[in-house]
Amino acid sequence: MRRFILLAAFLVLLSCSEKPIQKETVVGIIPYKGISHEKVAMVQKSIKEYYGIETKLLPEKELPKTAFVNIKSPRYRADSLIAIQQRIIPDSIDYILGLTESDISVTKHDANGKIKTPEWKYNDFGIMGLAYCPGKSCIVSGFRLKHKDKEVHFGRFKKVVIHELGHNFGLPHCPNKKCVMTDAVEKIATIDNARPELCSNCKSRIR
């Protein structure tokens with residue numbers, strides 16, 4: 001009887017050791033030179049609050065020169081930045097988020113894959129953030145989120161962070177104009193109108 005109990009206990013321990021270790025999701029944050037420590041801390045707190053995900057602060061970096069363009073004004077290409085970030089994701093990181101105060105841009109295309117018209121406007125279009133849906137890398141800029149009221153500026157920045165990470169997690173734009181995943185449609189007022197949270201539908205999708 002004693003041998004049977006010992007054997008059963010051994011089998012239980014063996015079966016437990018074979019179970020895969022559940023790894024916590026971690027978002028790595030790259031603070032590009034010029035971003036404040038206060039803003040980075042706010043972003044870390046927001047990601048934890050709205051997604052329940054841990055963050056890891058990575059070393060501060062200069063924006064890569066290979067992403068720089070000067071077509072209409074000095075900017076950094078957002079698509080280049082997120083591609084560069086993705087190539088350097090450490091093994092301990094699941095997603096990577098870059099934070100900058102510099103202007104960022106992208107080429108906007110229509111449903112047929114052609115540059116939107118007028119082409120002069122959309123060939124190098126200034127944006128607030130970019131992420132692929134789904135994806136592993138995103139970038140957020142405070143350049144176009146400025147406001148004389150610091151609280152409003154930080155609130156806008158937080159919403160764009162939650163929005164772009166939502167895309168990385170697989171969430172598309174939401175038709176609910178109060179949801180943080182709503183399409184900004186090139187208007188800062190859309191961001192101001194949205195709440196800094198996911199609507200119930202988006203929450204259920206991300207779970």
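**Entry 1: positive phi**

I looked up glutamate 186 and found it in the loop between H5 and H6; helices (H or I, at least four residues) and strands (E, at least two) are DSSP runs, numbered from the N terminus. The model is predicted, so I note that local features need pLDDT of at least 70, side-chain atom pairs count only at pLDDT 80 or more, and totals for chains, interfaces and linings use all residues. Residues are numbered from 1 along each chain as its sequence is written, and side-chain values use heavy atoms, with hydrogens and water left out.

The phi of glutamate 186 is near 65 degrees, a positive value in a residue other than glycine. I recorded valine 185 beside this entry, with a phi near 45 degrees, also positive. Valine 185 is likewise found in the loop between H5 and helix H6 (188-193). Most residues other than glycine have a negative phi.

I then checked accessibility, where buried means under 20% relative accessible area, exposed over 50%, and partly exposed in between (1.4 Å probe, protein chains only). Glutamate 186 is partly exposed at 35%, and valine 185 is partly exposed at 43%.

**Entry 2: cis peptide bonds**

One joins threonine 117 and proline 118, with omega about 0 degrees. Proline 118 is in the loop between S6 and helix H4 (119-122). Another runs from cysteine 133 to proline 134, with omega near -5 degrees. I located proline 134 in the loop between S8 and S9.

**Entry 3: the five-stranded sheet**

I traced an open sheet of five strands in the order S2-S1-S5-S9-S8, with mixed pairing; two strands pair if DSSP finds at least two bridges between them. Strand S2 (54-57) and strand S8 (129-131) stand at the edges with a single partner strand each, so one side of each has no neighbour in the sheet. The twist averages 20 degrees from one strand to the next; axes are lines fitted to C-alpha atoms, for helices over the stretch in contact, and angles run from 0 to 180 degrees between N-to-C directions.

Strand S5 (residues 95-100) and strand S9 (residues 137-141) are parallel and share five bridges. Within this pair, I noted serine 137 in S9 as the bridge partner of isoleucine 96.

Helix H2 (residues 37-51) packs on the sheet and touches strand S1 (26-31), S2 and S5, contact meaning heavy atoms within 4.5 Å. The direction of H2 makes about 165 degrees with that of S1. Helix H5 (residues 150-168) also packs on the sheet, touching S1, S5, S8 and S9.

**Entry 4: lysine 39**

Is lysine 39 buried or exposed? I found lysine 39 buried, at 2% relative accessible area. This residue lies in helix H2. Lysine 39 touches Glu101, His153, Phe154 and Phe157, not counting residues up to four places away in sequence.

**Entry 5: the four-stranded sheet**

I found an open sheet of four strands in the order S3-S4-S6-S7, with mixed pairing. The edge strands are strand S3 (68-70) and strand S7 (125-127). Strand S6 (residues 104-106) and S7 run antiparallel, joined by three bridges. Serine 105 stands opposite glycine 126 in S7.

**Entry 6: cysteines**

I counted zero disulfides, a disulfide being a pair of cysteine sulfur atoms within 2.5 Å. The sulfur of cysteine 199 is 3.7 Å from the closest cysteine sulfur, in cysteine 174, which is too far for a bond. Cysteine 199 is buried at 13% relative accessibility, and cysteine 138 is buried at 0%.
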